[in-house]
Amino acid sequence: MTIGGLELGGRLCLAPLAGVTTVPVRRFFSQHGAFLTHTEMISCAGLIRENAKTFDMLAVDGSESPLVVQLFGNDEGVLVSGGEVVMKRCEKFSAFGINMACPMPKITKNGCGSALLKKPELAQRMTRGLKSLGLPVWVKIRRLESDDDTLRFVDGLVTAGADNVCIHGRTPSQRYEGRADRTITSKAANEFPGMISASGDVREVSDIEEYLASGCAAVMIARGAFSNPFIFEEYAGRFRSRDEKIEELVNFARKADEISGGHKALVLMKRFAGSMLKFERGSAEMRQRAMMSTSLEDIINIFTGGMKQNVDRI
């Protein structure tokens, strides 16, 4: 199917997560049912300055596709220049993404992220400028204060050339509190058929089904992918046993260690710990031990030890 100017094998995507959607994470979810992934949020100002850490965020595994490189900036010139740097350094990206959703002060104080929701004309110029580089453009936004304001903002982006607009149903002031509003994604999906993706509170298969039934072209799974790392497969009807899940996560840890180093692999495994250990005997203690782990081997032993406890109990 064609979504956002890209040929995809399905409608479930891994949303961008700052500091998280690195190569090993994208590999894992691509292998477990995500049909499209995103890089973490990348600063165009950093790209223009040739910042080494920013360039590291452009790392791509040769097998990754389709992959959206998500950029942020506060000016159309900076954004387009950053996009040009991306195209010179890497030809593996399938589309550009623009972050107009991040509500965190360190981003918005510089006029980036969700601060752009207050500047629709600038947001349109940025979309139009990035589109001129020749790749599809995917824009991620948040709900504005009213449905009408949100729909007007989306209309401006689509008119400017956006191929897909992902709406997170919380306002910037909500940050990650409360519940994401699904009414606005449904209204936008019906107003702009085939152009709208949904994000926010996707933790169960029923959440995916509700968004898709409302007319959304695709569903972006973000934090929910860590609370249920096999949700993509479960939507497709594949259910793994407990020991299979643990084995897959241990394999992920080993690969993440190989690609990104032990410290980053440990941090990522801690993201999985809360959900994957919650049904183990003595789960509260195990989760606490996992969060206090100081080495990758320690947390792997906690995961595999928990699995063995359940087997022994049976």
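**Notes on pockets, a cavity and backbone features**

1. P66 sits in the loop that runs between α3 and β6. In this predicted model, the peptide bond joining S65 and P66 is cis, with omega at about -5 degrees. Most peptide bonds are trans.

2. E50, in the loop between α2 (44-48) and α3, has a positive phi near 60 degrees and is not a glycine. Its relative accessible area is 59%, so E50 counts as exposed, the cut-off for that class being over 50%.

3. The other residue is R175, found in the loop between β9 and α8 (183-191). R175 is not a glycine either, yet its phi is positive, about 55 degrees. With a relative accessible area of 36%, R175 is partly exposed. For context, most residues other than glycine have a negative phi.

4. The largest pocket holds about 670 Å³ of space. Its lining is made up of 33 residues, and those nearest the centre are P16, L17, A18, C102 and Y176. Two or more lining residues come from each of β6 (67-72), α5 (105-108), β8 (137-142) and β11 (218-221). Sorted by class, the lining of the largest pocket contains 17 nonpolar, nine charged and seven polar residues.

5. The second largest pocket has a volume of about 450 Å³. It is lined by 20 residues, with T22, E40, M57, S260 and K264 closest to the centre. The helices α1 (23-31), α3 (52-56), α12 (242-260) and α13 (262-276) each give at least two residues to this lining. The largest share, five residues, is from α13. By class, the lining of the second largest pocket has eight nonpolar, six polar and six charged residues.

6. How many cavities of 30 Å³ or more does the whole structure contain? The search finds one. The volume of the largest cavity is about 70 Å³. Among the residues that line it are P16, H38, Q70, W138 and M220.

7. Which element gives the most to the lining of the largest cavity? That is β8, with three residues. At least two residues each come from β7 (95-100), β8 and β9 (164-168). The cavity lining divides into six nonpolar residues, four polar and one charged.

Methods
Residues numbered from 1 in each chain as written. Predicted model: local features only at pLDDT ≥ 70, side-chain atom pairs only at ≥ 80, totals over all residues. Heavy atoms only, no water. 1 Å grid on protein atoms, 1.4 Å probe; cavity = no way out; pocket = protein on both sides within 12 Å on 5 of 7 lines; lining within 4 Å. Points joined across faces, edges and corners; volume = space filled by probe spheres on them. Helix = DSSP H or I, 4+ residues; strand = E, 2+ residues; numbered from the N terminus. Nonpolar A, V, L, I, M, F, W, Y, C, P; charged D, E, K, R; others polar. Buried < 20%, exposed > 50% of the residue type's maximum accessible area, 1.4 Å probe, protein only.
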